[in-house]
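Here's a quick tour of the model you have open. Keep the viewer handy and follow along.

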Amino acid sequence: MEKKKNDLMLGLVLLLLMVILAGRLAGYHIPSRAEPKDEYPDIFPDYKEIVVPVNIAPLNFKVNETARSYRVVFSNEAGKKIVLRSDHGKISIPRGKWRKFLKATVNNDYKVETWTRDQPWHWLKYKSWSNHVVDDKIDPYIAFRQINAGYILWEKMGIYQRNLENYRQTPILLNDRTDRNCMHCHTFSDRNPEKMLLHMRRPPSGTLLYNNGEVQFLNTATKYTMSACVYPSWHPDENLIAFSVNIIHQKFHAAGKFINSVNDAASDIVVYDIAKNMLTTCPDLCTKSLETLPVWSHDGRYLYYISCSGVDKLTPDTAVKYDLLRIAYDHTKGTWGRTDTLISSQETGKSISFPELSPDGKYLIFCMSDYGYFTVYSPTSDLYLMDLEDMKYTKLPVNSETVESFHSWSSNSKWFLFISKRLDGLYSRVFFSYLDSTGTASKPFLLPQKDPDYYDAHVYNFNRPVFIKDKVSVSADKLTKAAYAAKKDVAFDPEVDVDALSGATRIERDVTREHTN
Amino acid sequence: MPGKLSKAFRIITSAVFFILVFLYCWYYINPALIYFKQQPIFLFDKYFLNKFLLFPGGIAEYLSLFISQFFYSKFAGSLLITGIIFIAVALTNRLLQHFFSKQAAFLLQFIPGLILVYLHSHYEYDLRGDFIFMVPLIFALAYCRTINHKVYFRILFLMLSSLILFFFFGGTSLLLFTAIIVFTEIYNGSRRLFRITAIFQLLMCLILIRIVPLTSPYINFKMAYLGILCPGMYYKPLKFLYTLYISIPVLLLIRVIIKYAWEATGLAGRFTFSISDQVKKFLLPAIPIVMTGLLILIIRLSFSQTAKDSVLIHYYAAHGKWKSVLKTSNALSTTDRTVLFEINRALYHLGTLPDNAFSYAQYWGENGLILTSHYSHDVLMYCSDLYFDMGHIKESLHWAYEAETKSDQAPDVLKRIVTDNIILGDYAVAEKFLKILSKSVLHKKWAKHYLPYLHNETLIRQDALMNEKRRMMPDKDFYVSTQQPQSDLVNLLSQYPENRMALEYFMLYSLFTHDLSTVAVNINLLGKLNYKKIPTHIEEALLLVMTLNPDFPIDLGKYKISEKTKERFMGYSKILIANKSDRVAAQADLFQDYGNTYWYYIYYVSPITTKRKIYEKTN
């Protein structure tokens, strides 16, 4: 009697397990009969018809179509498939399967098919799309600053790094550790995570320089410069860093599409020699014009920058338009050469900003907007690509109606990232695009997140994202300790006959002048 | 019989204590004001939870936000505060019973209760402190139950408890737990002071607090030790919170000292004393009376009507209760420019700003009218409020974004961002924040109401407030001036001359900055808005111009200065003349009859005259 009872129980358990298993298997079946729908499903993020790097984290998305059940099938020409089901529209791709699938699809397309079921047994099949997988890897990390929507004030902020091959995001340094001060302008030498600098404003204020395992805290303000150093760029030899020095103002608009404008009352360019702990400059970089946003060429023979001339206090902001220039530099002798204007705002009627050269020296991406240079707040800002062989430039097909700005090249020069506010018009998000051998950019795709709803809940900007080749290993503790240690004063080159006060003569800075950066 | 009597008095004492605490919360503190001041938001969303799992002590903050969102209701809030204090007292009692007699534990249990009453009397105090205090007590009580178990079991328990406490409730919580465990071990360990479990717990505490900051980017050493007591943190708790945290360890220390230095040395036997039942009968009724007295004393020491009014005035303003704003302001000092700011707003909404503004001591002049000159955390939303009232929507939005940055998703700030963006037609941003608000139990109804507004111009046109703001807001761009907001007012007026608020603020701003000629040449603007007469303070200013500069051309148009004001000016002048224009000598007489005039203001109150400077911390 007892045995029969046990057998019955065992049978019931097995039956239940089989029912569950059958249910699960049925959940992954591809609907054999479905009503075709001649349109793409509405998905977020838009990962349709894009180029995908072989090492990217799974591109999870959400199908924004009302239904009770969803099926998505990824398939390639080799017959490999990933079949996914969802009851809420979120498509989460298992990382292991995704990696194998991408490897098996390298230099080929994969197809994505979507079915939805709104009634029992009634499936709709949407138009499928294809994505192309390339073997050109994207750099595995990006570093960025995470900040709120405020323009003047800040509270919590930090420099973070995000692994692009998975979803792991960790802080490099948070301002919780540094008395909630402002930290900004994080920059790396050739995407090397072992060579980094970042500025801090409000005590402890200064520049953290992490170089060859050592962290220094620099006071880059000198009596010959109008401000502490601001926008940086490392020379390929890793010993020089070009900076701008700026007196920055911010204004707010009462109507129209701009909410604010950031502009400079004055700006010049200086170069910091790490070994000598000294700033230097040359007359062409410290004129009465506004020179700013320096960036070295891949071989270090040129310093590219933007400049705006003929500006005074009465110049309307809409007339402040920057040209793109470069100045030759002989690193072996430390001498400056000729200055060339590459793009004149008089020709374009627009203002150039944020030039950034590809590591292979072939291309330059820059922003162009109606006026000014701080394009993060300019809805008119778009990205352009210049071929450095013929110096011709074209508008990239990655732009939207709103802000496209700060961009960075991957170390193989095949990928670039940029920020765009196209999702909601307020917050900067990171997008990636592939540049093929003909210089054609692919449709950009949004930085993937494990949960596609991430961006709905996220109320911070991805500010100044840059590619890095690996994880930053220096600990927050080490950086913090350096920030509270004695600051190292930077000297100004006594051999130079000009200062960086937008004037040609060497005069001491008026210490009573208030300025911000 | 004495036992029963004693129990009855314990029940009576507790009942009286907690009823009084509830009534105190209800009548005096008013948790709705705590909610208004702190603006807690709690979202049923995994990202919201994840934020608090990133750093040690995050869960204490998470729970605090969950509970304190119900402070929105005065009744629920009072009940919750009373309930939390009850739990804290009950936990204390249970713990102390392991060390003291039942009677002593009963009396001592009220110590943390009284401290918590003190803390909750402060509108800036949040519930994190309560959790950081209570949770270690729960773990310590659980540990007391394991005291007879094997050592390895207790060590395992301590290890798990320490990890949970440190990562979920922070370093302070772990320190408190460690102190209780060490004293428990010493107390129970006869003369063997250095028990292995106590040493293990001390090591665990030191290791966690020392190692985590070295490896985690989220906290530094100071934050690891002190959690929310760290001075660098955004939330700066009251110093009295230390008293709460050390109260239990101090009691246990005293008990340990009594045991080892008093009882064990035999001193206790030499100085024994006992209380007769007769005396006990007499003393017992005194306990609830004494306890009530202590509670009242704590309330007297901690409750500040001024602190309450300082919150209340902004609460009334946020709810458009303008008469209550003015009534509350009578109890507050106008040396606080945010008080003056709300007074001026209330006067405008009651239609008496240019007639009654100088009935209040306008110590901060134009800086009490518009607060934009200093970017400080305290004024961000007030600036947004003012410009929202005025239809200066984009600037209202700018200040709301600054406020959002400082106060991380405060519900009122998010609602302002939503309404401003709907008015401006930026629906994507509005939608984003509506989605966030819809995850809050308290605000999802509000979000549900506004979601249909997105891209629905008809619905927006039907909304009187939005429609009005759209009419008022400028459509031609100009640069906003935070330092000289008068130029904004001019621009607002030039684009929408019916903007009554902009006009009155413009006139008042000119009066505050002694710019009388601007007032005089703009009298015609009153006609455009159909003022029946020239407002009193503007009449007063005009008379001053006419007296000081008779040649100044003033075109009053259809208006004339009232006889009453002229007579008052004569009276004012007579007093001055009688005192031979000696301002100091004339002040008392002038204040009595003319203290509410612009003439008095410009001579005695104006910060330009008195050279009063604002010293406010920015950011």
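## Where the chains meet

Two residues count as in contact if their C-beta atoms, placed from the backbone, lie within 7 Å. This is a predicted model, where local features need pLDDT of at least 70, side-chain atom pairs count only at pLDDT 80 or more, and totals for chains, interfaces and linings use all residues. Residues are numbered from 1 along each chain as its sequence is written, with chains lettered from A and ligands numbered from 1 in the order in which they are written.

On that basis, 35 residues of chain A touch 37 residues of chain B. Strands E13 (169-174) and E19 (240-252) and helices H4 (454-457) and H5 (476-484) of chain A each bring at least two residues to the chain A side; helices (H or I, at least four residues) and strands (E, at least two) are DSSP runs, numbered from the N terminus. E13(A) gives the largest share, five residues.

## A one-sided helix in chain B

Now look at H18 of chain B, residues 322-329: B:Trp322, B:Val325, B:Leu326, B:Thr328 and B:Ser329 are buried there (20 or more other C-beta atoms within 10 Å of the residue's own, all placed from the backbone). They sit on the same side of H18(B) because they cover an arc of only 165° around the axis, taken from the directions from the helix axis to the C-beta atoms. Their cover includes H17 (305-318) and H19 (337-349) of chain B.

## Strand pairing in chain A

E16 (206-211) and E17 (214-219) of chain A pair antiparallel over five bridges; pairing takes at least two DSSP bridges between the strands. A:Tyr210 has A:Val215 as its bridge partner in E17(A). Two residues lie between the strands of this hairpin, where A:Asn212 takes a positive phi near 55°.

E17(A) also runs parallel to E35 (488-489) of chain A, joined by two bridges. Here A:Leu218 partners A:Lys488.

Key. Buried ≥ 20, exposed ≤ 12 C-beta atoms within 10 Å, placed from the backbone.
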